Amino acid sequence: MRAYRSIRLRVKRFVRRERGSQFVDLAIALPVLLVLLGGAVEFARYFYTYSALTNAARAGARHASKWERSASWTVPETSNMVVYGDFSDTSKGPILPGLTTSNVVVQANGPSANKIDSVTVKIVNYKYTPLFDLGKLTGISALSLNIDMNASATMHQLFNGPVIH
């Protein structure tokens with residue numbers, strides 16, 4: 001009977017001891033929280049990049065649509081407007097890392113080269129580079145978040161007068 005009581009007492013003491021259980025909880029919860037935090041940060045960066053590309057394409061289309069309905073507007077100025085946020089000052093650097101003027105396509109839409117109705121500006125093949133690339137971390141290229149991002153905007157010209165040279 002005494003041995004039974006002694007074992008029973010030891011089992012109760014063992015069950016009551018919770019020393020170190022916080023570390024076990026932390027070891028279980030911390031990886032899950034880090035993955036959630038990394039996913040939230042990556043989604044925010046992706047959304048920011050998408051918004052910046054869309055706004056840049058709109059600014060370029062707005063800039064190109066201000067020109068008269070003729071072939072006098074220049075594609076390099078519009079490309080600089082998209083990439084650098086300014087058509088003449090390129091010293092500040094691109095608005096997004098890796099964005100170049102070769103990613104910008106400017107199209108004049110209309111019945112002829114001298115009669116432009118609208119301008120379409122496209123950003124093509126911009127490579128989004130994530131902070132946490134699952135493809136590099138796991139060694140599985142199919143899980144890579146290095147993806148091409150595209151954006152486009154079309155602005156109609158409001159000028160309906162004769163072509164000015």
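Helix α3 (residues 75–84) lies across β1 and β2, and runs at about 130° to β1. Helices (H or I, at least four residues) and strands (E, at least two) are DSSP runs, numbered from the N terminus. Axes are lines fitted to C-alpha atoms, for helices over the stretch in contact, and angles run from 0 to 180 degrees between N-to-C directions. The model is predicted: local features need pLDDT of at least 70, side-chain atom pairs count only at pLDDT 80 or more, and totals for chains, interfaces and linings use all residues. Residues are numbered from 1 along each chain as its sequence is written, and side-chain values use heavy atoms, with hydrogens and water left out.

The open sheet contains three strands in the order β1-β2-β3, with antiparallel pairing. β1 (104–109) and β3 (147–156) each have a single partner strand and stand at the edges, so one side of each is left without a neighbour in the sheet. From one strand to the next, the twist averages 15°.

Helix α2 (residues 21–65) also packs on the sheet, where the helix touches β2 and β3 (contact: heavy atoms within 4.5 Å). The direction of α2 makes about 30° with that of β3.

The table gives the strand pairs; pairing requires at least two bridges found by DSSP.

| Strand pair | Bridges | Sense |
|---|---|---|
| β1 and β2 (residues 118–128) | six bridges | antiparallel |
| β2 and β3 | nine bridges | antiparallel |

Within these pairs, alanine 108 stands opposite valine 119 in β2, and serine 118 stands opposite histidine 156 in β3.
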